Amino acid sequence: MQKESVAEILSKALAKKKINLKIQEILERIEIPPSSEMGDFAFPCFFLASKLKRNPADIALEIREEIEKIPPEFQDIQTKGPYINFFVNRGNLAADVIKEILEKKDNFGSKGIGKGKKMLVEHTSINPNASPHVGRARNAIIGDSLVRILKFQGFNVDTHYYVNDVSKQIAMLVLAGAEKLKFESMLKKYVKISAEIKKSKKKEQQVFDLLEKFESGDKETTKKFNKVTSTCVKGQEKILGKLGINYDVFDYESTYLNRSKEILAQLEKSGKLFQDEEGRIVLDLKNTSVEGKMRTPLLVLTRSNATGLYPLRDIAYTLDKMKKADSNLIVLGEDQKLYFNQISEALKILGSDFPKVVHYSYILLSEGKKKKKMSTRKGDVVLLEDFLEDAIKKAEKKSKKKSYAKTIGIAAVRYVILKNSADKIINFNLDDALNFEGDTGPYLLYSYARASSILRKIKENKKIELKYDELEPQEIELIKKFAEFPEIVLKSYNNSDPSYIANYSYKLAQAFSDFYQNCPVMKSKNEKFRILLVKSFRQVLKNSLNLLGIDVLEEM
RNA sequence: GCCCCUGUAGCUCAGCCUGGAUAGAGCAUUAGCCUUCUAAGCUAAGGGUCGCAGGUUCAAAUCCUGUCGGGGGCACCA
């Protein structure tokens with residue numbers, strides 16, 4: 001709104017100089033200055049220099065002179081070098097923003113984009129073989145945050161977890177006789193059997209035999225597979241549940257085994273199916289987006305013995321998902337990029353749309369200067385549950401009540417994952433991750449708790465009074481941060497990337513710390529106004545953290 | 001060989017999409033601040049050829065091309 005006023009003022013002034021620009025063009029050129037001292041909006045005059053053959057700083061001065069009256073929305077309009085800087089009336093801004101926050105409360109920041117729309121999100125979908133490590137958890141944490149963002153924007157979201165029960169990993173565990181084991185013992189068993197299989201070709205063959213038996217519906221084998229899968233899924237669900245990550249539906253790959261023929265028949269109609277010299281059925285993907293991304297653009301659908309491969313089940317599953325919602329989102333590791341591209345092309349051939357996909361990179365374990373990939377197979381991992389437990393233990397030592405530790409631990413874990421953009425490899429160092437100072441989850445909670453502490457000490461004043469003497473720079477920064485929140489949420493939504501919200505939360509908390517340090521609330525001249533600022537801060541930070549899956553604490 | 005991601009301070013990252021005013025944080029280091037709302041905090045200092053080389057532009061960390069380093073992927077694993 002204020003930006004539009006800036007454009008209008010400029011448009012008039014420019015016209016007097018016989019420079020006719022459309023409002024839209026001016027809007028595109030308006031910038032936000034790097035610091036509030038330079039104003040709230042800026043108009044750079046460089047582009048006029050070549051046209052007018054003048055120094056851009058002089059041009060700025062001249063345009064400024066053409067602006068006679070400063071409208072009430074603005075405090076001042078100044079030039080600084082080649083920039084014309086606009087200072088909005090901060091009082092108005094403060095009043096507008098604070099009113100909106102305190103009215104909309106938990107809804108402040110939502111644009112309600114998803115109202116009346118159904119969304120299906122699939123995330124996590126870890127191999128059900130053992131306790132998830134931090135690398136795997138990145139999927140779940142990003143996925144869960146996206147679900148929260150979507151719900152916040154008004155979508156009706158269903159969260160699905162796809163269980164790859166038709167898998168070599170389960171077969172390995174079955175071979176190792178793990179069906180009676182508890183979840184806690186699975187990892188050890190898995191590491192052991194992995195090592196054994198690596199050494200023995202015979203054992204490896206046994207694994208494939210088991211898998212084939214399961215695929216063909218052998219009752220004894222199925223029973224064992226189901227037992228192992230069920231133990232693992234329940235175990236993983238419990239651990240992720242501790243982080244506040246929950247699922248509406250678990251879909252099992254094995255239920256799609258009998259859909260293979262049907263999918264093949266449908267693909268057959270496209271004429272792009274062929275059998276190669278070894279008897280495999282293959283989908284030709286020439287002239288699709290995967291061309292040039294792989295040696296030969298195709299997708300192998302069956303083994304030479306005609307049994308279906310994973311992609312067939314995946315296609316069947318995705319077709320089902322697409323029918324269940326207005327739109328679909330899936331979170332996958334970067335290693336699945338090309339594969340998912342292939343699946344999407346297959347779906348296109350079948351006349352179906354395909355899910356929007358969010359990819360994320362690995363988490364590397366970094367110890368000193370060494371960096372290595374986490375491997376469940378080798379047992380070379382930081383387990384999510386261990387990490388969380390360490391974080392909670394550390395929090396217990398520092399907080400006023402032990403019961404706060406869980407929330408603080410979760411905040412530390414989730415935030416450290418979410419603050420990085422998804423396509424970046426995270427160098428994970430447990431010691432750094434357990435640091436609760438600076439750019440961390442606990443710091444965010446701390447700033448919230450301090451805000452709450454102020455309000456506890458002040459007599460409740462229900463009247464909203466927006467009167468104050470003069471705004472301090474720290475107050476202005478804080479208010480401007482509040483005003484940014486809805487745009488940040490929108491950006492996160494548009495890019496399916498929670499890291500914007502994570503980084504915003506930190507900057508918001510920092511702005512509050514700065515305010516806290518410099519602007520006493522109690523017994524200050526502007527006490528009533530500052531109380532409203534503190535209240536607004538709590539609300540905005542709470543909303544922001546909620547999207548990251550972090551609960552707030554009133555004290556810690 | 002081809003495709004995708006990535007390279008910014010000693011370390012971990014933001015900024016890049018949408019080019020502009022002195023490149024920002026945190027950790028670590030050094031020096032300060034608790035008889036006033038929680039010091040998990042704040043202030044200050046040192047620390048940068050934004051991988052490298054070209055190009056576009058009045059202006060490039062940001063856009064384009066090339067190149068080097070790291071990661072991922074490219075036919076019966078899931």
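Helices (H or I, at least four residues) and strands (E, at least two) are taken here as DSSP runs, numbered from the N terminus.

1. Basis of the note. This is a predicted model, in which local features need pLDDT of at least 70 and side-chain atom pairs count only at pLDDT 80 or more, while totals for chains, interfaces and linings use all residues; side-chain values use heavy atoms, with hydrogens and water left out. Residues are numbered from 1 along each chain as its sequence is written, and chains are lettered from A and ligands numbered from 1 in the order in which they are written.

2. Chain A overall. The secondary structure of chain A comprises 20 helices and 14 strands. Its C-alpha trace spans about 85 × 60 × 50 Å along the principal axes. Of its 556 residues, 52% count as buried (under 20% relative accessible area, with a 1.4 Å probe and protein chains only). Among contacts (heavy atoms within 4.5 Å) between residues at least 6 apart in sequence, 74% join residues at least 24 apart.

3. Thr318. This residue belongs to helix 12 (residues 310-324). Thr318 is buried, its relative accessible area being 3%. Apart from neighbours within four places in sequence, Thr318 is in contact with Leu347 and Pro355. Between Thr318 and Val163 there are 155 residues of sequence separation and a C-alpha to C-alpha distance of 13 Å.

4. A residue is near the strand if one of its heavy atoms lies within 4 Å of it. Of the 74 residues around RNA strand B, those that come nearest are Tyr83, Glu278, Lys424, Tyr446 and Ser453. Sugar and phosphate make up 57% of the atoms of RNA strand B that come within 4 Å of the protein. The residues of this surface divide into 33 nonpolar, 18 polar and 23 charged (Ala, Val, Leu, Ile, Met, Phe, Trp, Tyr, Cys and Pro are nonpolar; Asp, Glu, Lys and Arg are charged; the others, Gly among them, are polar).

5. Elements supplying that surface. Helix 17 gives the most, with 7 residues. The elements that each supply at least two residues include strand 3 (83-88), helix 13 (337-349), helix 17 (441-456) and helix 19 (499-518).

6. Phosphate oxygens of RNA strand B are approached by a polar backbone atom of Ile425 at 3.1 Å and by a polar side-chain atom of Tyr443 at 2.9 Å.

Conventions
A polar contact is a pair of N or O atoms within 3.5 Å; within protein, one must be able to donate a hydrogen and the other to accept it, and residues adjacent in sequence count only if both atoms are side-chain atoms. Buried means under 20% relative accessible area, exposed over 50%, partly exposed in between (1.4 Å probe, protein chains only).
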